[in-house]
Amino acid sequence: MTTPNYPARVRLIDVGPRDGLQNEAQPVPASTKIELVQRLQAAGVQEIEVTSYVSPKWVPQMADNHAVMQGIARRAGVRYSVLVPNMRGLQAALRDRPDEIVVFGAASETFSQRNINCSIAESIERFAPVVEAARQAGIAVRGAMSCAVGCPYEGDIAPERVGALARQLKAIGVQRVDVADTIGVGTPLKVQRAIEATLAHFDLDHISGHFHDTYGQALANTLAAMQMGVWHFQCSVAGLGGCPYAPGATGNVATEDVVYLLHGLGIDTGIDLDALADTGAWISGVLGRPTGSRAGRALLAKRASGDALSCGTR
Ligand code: HMG
Ligand code: MG
């Protein structure tokens, strides 16, 4: 049997504290966000997107960015990233010394306007000095490319538009990019085409997949990206999330589900799946709803029934 040439290792970036919680209607206390970060790192997650420095009028849930960043006990070897839309956001973020900032643009003009109130060209102009100042301060820079396969307002997005955005982000000094399916409409071929367009400007080590799971395709899209050699993925514990400017979109693919997939393929993640499932159950409990992770639910049910799901043993 021939097996596809998957990467030997995969690094997961849990975006639950930021992408996962930014859309929560109920205020989530900073102490809960801090505990979420602590639990994720204790489970072995090596990259965590902690918060964003955006207008509190636009995204009130992230208004406690400073308290959250100051409250976490950082672990050596863990990379803490934060979203920054402009110079004002960078100046605020610098006080908290993130390891990486994320400037976030879009391959769709309408989404760019709705999300950050400017055109794609204006966003690049706005990001350029932010990227330069971050790098001068010794902080790494990632660029998110929203709507890389589809837009809630414009529908399908051609790969050429993703390539054009990747080229512009590269030109201003962004070091790595996320191919983001913001509304989870992508299917494997579409995702592969968006990645292919990105590969003209960034190499495989500098591209990550960021797949929301609205249509249940995110795991398939992850596998399709891995077949191309992509080995960084963003995911959200318990599948938390949704974007305030992408109506109807659900959260990122659940970290537990991706870890289950990867471990099943014999790919190491450094993550303890049981501890991660506990974290997903804990945060879902705090938010008052069941976990959105299928693997998380199955693991918890299995544990609760004393291994009753081990087929044929009873
Ligand atoms: P604007 O209104 O065009 O900006 O917003 P402005 O410069 O005219 O400022 C307006 C007000 O915001 C002023 O306050 C500023 O001081 C304040 P006022 O005078 O009205 O009291 N302001 C700020 N406050 C705090 N921090 C800042 C900041 N900047 C200005 N950094 C802006 C432009 C980008 C600020 C606004 O549109 C915004 O905050 N948007 C938030 C967008 C957002 O966070 N979206 C969700 C994250 S993106 C995402 O989830 C997608 C991703 O996951 C990938 C994917 O799935 O696709 C990354
Ligand atoms: Mg997202």
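**Metal site.** I looked up the sequence spacing of the residues that donate to the magnesium ion (ligand 2) and found D-x190-H-x1-H. The model is a predicted one, and I read the site with that in mind. I then listed the donor atoms on the protein side: OD of Asp19, NE2 of His210 and NE2 of His212. Their distances from the magnesium ion (ligand 2) run from 2.1 to 2.3 Å. Are His210 and His212 buried or exposed? I find both buried, with the cut-off for that at under 20% relative accessible area.

**Barrel.** I traced the strand order next. Eight strands form a closed barrel in the order β1-β2-β3-β4-β5-β8-β9-β10, and the pairing is parallel. I noted an average twist of 25° from one strand to the next. I picked one pair to check: β3 (residues 79-83) and β4 (residues 100-106) are joined in the parallel sense by three bridges. In that pair I located Ser81, which stands opposite Glu100 of β4.

**Helix α7.** I asked what α7 (residues 159-171) lies across.

**Helix α9.** For α9 (residues 218-227) I recorded the buried positions: Ala218, Asn221, Thr222, Ala224, Ala225 and Met226. I then looked up what covers them. Just past the end of α9 I checked the backbone at Gly229 and found a positive phi of about 105°.

Technical notes: Residues numbered from 1 in each chain as written. Chains lettered and ligands numbered in written order. Predicted model: local features only at pLDDT ≥ 70, side-chain atom pairs only at ≥ 80, totals over all residues. Heavy atoms only, no water. Buried < 20%, exposed > 50% of the residue type's maximum accessible area, 1.4 Å probe, protein only. Helix = DSSP H or I, 4+ residues; strand = E, 2+ residues; numbered from the N terminus. Contact = heavy atoms within 4.5 Å. Pairing = 2+ DSSP bridges. Axes fitted to C-alpha atoms, helices over the stretch in contact; angles between N-to-C directions. Donors = N, O, S within 2.8 Å, 3.2 Å for Na, K, Ca; no water.
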